[in-house]
Amino acid sequence: MPHACSAERALTQLPILQAATDREIETAFTSLVQLQAGALVVGADAFFNSRREQLVALAARHMVPAIYEWREFAEAGGLISYGPSLTSANRQAGDYVGKILKGAKPADLPDQRPTKFELVINLKTANALGLTVPQSILVRADAVIE
């Protein structure tokens, strides 16, 4: 008689931590440690961007590998960033302003979406965390900080 094999599926829970104050950021990192989180994804947010140094420092202090959306986080010591180029987005915004100043109606202009995305890897941070970044990822990076 044939029998069916049942494979148990490992469910991975991804806790979502929110922070809207400096104190809540500190609390979120305490929670990450308690949860034994293997990594952190920091979403794009104006508040988080304004707290870049704090987020990068806390990730380093708690030895939490983190990925951010903006290149500036990796440049500030974050592990990795992947997201739209702020320089490119600002250039697009400047082009729009120029068109409007020349008489174009904003409602007549097409929607703009990011066209350039950047992968930035901070190898100094990877080494401090005891991580090895595969060569296959390094060659895809737009910038590698050594």
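## The largest pocket

The model is predicted: local features need pLDDT of at least 70 and side-chain atom pairs count only at pLDDT 80 or more, while totals for chains, interfaces and linings use all residues. Residues are numbered from 1 along each chain as its sequence is written, and side-chain values use heavy atoms, with hydrogens and water left out.

The pocket holds about 460 Å³ of space. Of its 20 lining residues, Pro15, Leu17, Leu32, Leu40 and Val41 lie nearest the centre. Helix 1 (22-35) and strand 1 (40-42) each supply at least two lining residues, and helix 1 gives the most, with four.

## The cavity

One cavity of 30 Å³ or more is counted, and the largest cavity has about 60 Å³ of space. Its lining includes Val56, Ala59, Ala60, Tyr68, Thr125 and Leu129. Helix 3 (52-61) and strand 2 (66-68) are the elements that give two or more residues to this lining. The largest share, three residues, comes from helix 3. By class, the lining divides into nine nonpolar, three polar and no charged residues.

## Terms

On a 1 Å grid over the protein atoms alone, a cavity is a set of points where a 1.4 Å probe fits but cannot get out; a pocket is an open set with protein on both sides within 12 Å along at least five of seven lines; lining residues have an atom within 4 Å of a point. Grid points are joined across faces, edges and corners, and a volume is the space filled by probe spheres set on the points. Helices (H or I, at least four residues) and strands (E, at least two) are DSSP runs numbered from the N terminus.

Key
Nonpolar A, V, L, I, M, F, W, Y, C, P; charged D, E, K, R; others polar.
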